[in-house]
Amino acid sequence: MTKNVTKNNIPSLQEVYQNNFKIGAAVNPRTLQMQQELLKKHFNSITAENEMKFEELQPLEGKFTFDVSDQMVEFAQANGMQVRGHTLVWHNQTPEWMFLNDDGTTVDRELLLERMKSHITTVMQRYKGKIFCWDVVNEAVSDSGEEILRKSRWTEIIGEDFIEHAFRFAHEADPEALLFYNDYNESDPVKREKIYKLVAGLLEKDVPIHGIGLQAHWNIKQPSYGNVKEALEKYASLGLRIHLTELDISVFEFSDRRTDLTEPTEDMLTLQAERYDKFFEILREYSNVIDSVTFWGGADDYTWLSDFPVRGRKNWPFVFDENHHPKESFWKIVDF
Ligand code: HAH
């Protein structure tokens, strides 16, 4: 039920959850403008959607561009918000030069490790004390087959130990920062076991890792509540902290490719509200191990899902609508 209330009667999401976990939003320069008031009221954590990725921070070797990321960190500091760093080592959005010698041949292990270390060190030291945690490695686990790690230039050139090197470099660069392994399809039972094995293996080798990031790109049908609970249990059993890092609940099932809708149907919104309701009930139940829940955006006026996986198709995955008004989903998660 959408309540008829004036703006002042809308509770602040971050205040409602202050005894449970931080409430975050991914931002970009446009949403930081458009959603400024919403962000200040409801969120106490931000993540740069793209602006701290490798290709944005070091597009050319040794040429770092920190203007936009600096502005985001300043915005957070001015408004008493924390910043999650995303992300240091990933197979996407990493520039070609990283893997190539001047003559166009592929670099060797030594040079790639050196470049990895240099990137991690420069970025983390710049934001020491300002960015409290980093997604050190993003999406290294394979979605299919028997193998744990996906094939990438990191595994091909360095080998499977690229992950532990990344964490060790990160810990050296900023010993205070909390270091996360972050991935999607994290609640799928098969991928969950792989992520668990990877992280358990790191812990056995005394690799400095402090948490697991569950991206939580969910939809109105999947994952099941049971699978989410089992994933939380399993990851928590490693003794690490848990963050939800990129939460959104698509109104489309993954296999649904329709492109005709200009607004979500009533059924979609009802189902979405029910999903938000139950998921947040579970998150509150596990709030002793969950420190932070970040949405991959602030409100339905902008979401990466309006281009993925179906190009140009609008999606409405958040708890605030295109005009930044609370949706039924919002009222469900503040009412407990
Ligand atoms: C995430 N990948 C990335 O971590 C983030 O940096 C990006 O902005 C958006 C989503 C998610 C993903 C997925 O859900 C399915 C296939 C590939 C990647």
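**Overall size**

I began with a definition: the radius of gyration here is taken over C-alpha atoms, and the globule rule is 2.2 Å times the number of residues to the power 0.38. I was working on a predicted model, so I kept that in mind throughout. For 336 residues the rule puts a compact globule near 20 Å, and the protein has 20 Å, so the two agree. I then looked at the C-alpha trace, which spans about 65 × 40 × 40 Å along its principal axes. My tally of secondary structure gave 12 helices and 9 strands. I also checked burial, and 54% of the 336 residues count as buried.

**Cores**

Next I asked which residues have the most contacts inside the largest nonpolar core. They are Met116 and Phe295, in a core of 95 residues. Helix α8 (residues 162-173) gives this core its largest share, 7 residues. I also found a second, separate core of 5 residues, with Val251, Phe252, Met268 and Trp316 among them.

**The largest pocket**

I turned to the open space and noted about 1200 Å³ in the largest pocket. Its lining has 49 residues, and those nearest the centre are Tyr184, His217, Phe254, Trp304 and Phe308. I sorted the lining by class and got 14 nonpolar, 19 polar and 16 charged residues. Helix α9 (189-204) and the strands β7 (217-219) and β8 (241-250) each supply at least two residues of that lining.

Phe308 came up again when I went through the peptide bonds: the one from Phe308 to Pro309 is cis, with omega near 0°. Pro309 lies in the loop between β9 (290-295) and α12 (328-334). In the loop between β9 and α12 I also found His324, which has a positive phi of about 70° although it is not a glycine.

**The enclosed cavity**

How many cavities of 30 Å³ or more are there? I counted 1. The largest cavity holds about 40 Å³ of space. Its lining includes Val89, Trp90, His91, Arg150, Trp154 and Phe162. By class I have 6 nonpolar, 3 polar and 2 charged residues around it.

**Around strand β3**

Thr87 sits in strand β3 (residues 82-89). I followed the chain on to Gln93, in the loop between β3 and α6 (109-126). Gln93 is not a glycine, yet its phi is positive, about 50°. Is Gln93 buried or partly exposed? It is partly exposed, because its relative accessibility is 25% and buried would require under 20%.

**Helix α5**

I took a closer look at α5 (residues 67-78), which has 12 residues. From first C-alpha to last, α5 reaches 16 Å, close to the 16 Å expected at 1.5 Å a residue. I listed its buried residues as Ser69, Asp70, Met72, Val73, Phe75 and Ala76. For reading that list I kept a general point handy: an α-helix has 3.6 residues a turn, so residues three or four places apart point the same way. After α5 comes Gly80, with a positive phi near 65°.

**Lys41**

My last stop was Lys41, in helix α3 (residues 36-42). I had it down as partly exposed because its relative accessible area is 31%, which falls between the 20% and 50% cut-offs. Lys41 and Pro11 are 30 residues apart in sequence, and their C-alpha atoms are 9.0 Å apart in space.

Terms used: Residues are numbered from 1 along each chain as its sequence is written. This is a predicted model: local features need pLDDT of at least 70, side-chain atom pairs count only at pLDDT 80 or more; totals for chains, interfaces and linings use all residues. Side-chain values use heavy atoms; hydrogens and water are left out. Helices (H or I, at least four residues) and strands (E, at least two) are DSSP runs, numbered from the N terminus. The expected span of a helix is 1.5 Å times one less than its number of residues. Buried means under 20% relative accessible area, exposed over 50%, partly exposed in between (1.4 Å probe, protein chains only). A nonpolar core is a set of buried Ala, Val, Leu, Ile, Met, Phe, Trp, Tyr and Cys residues joined through side-chain atoms within 4.5 Å. On a 1 Å grid over the protein atoms alone, a cavity is a set of points where a 1.4 Å probe fits but cannot get out, and a pocket is an open set with protein on both sides within 12 Å along at least five of seven lines; lining residues have an atom within 4 Å of a point. Grid points are joined across faces, edges and corners, and a volume is the space filled by probe spheres set on the points. Ala, Val, Leu, Ile, Met, Phe, Trp, Tyr, Cys and Pro count as nonpolar, Asp, Glu, Lys and Arg as charged, and the others, Gly among them, as polar.
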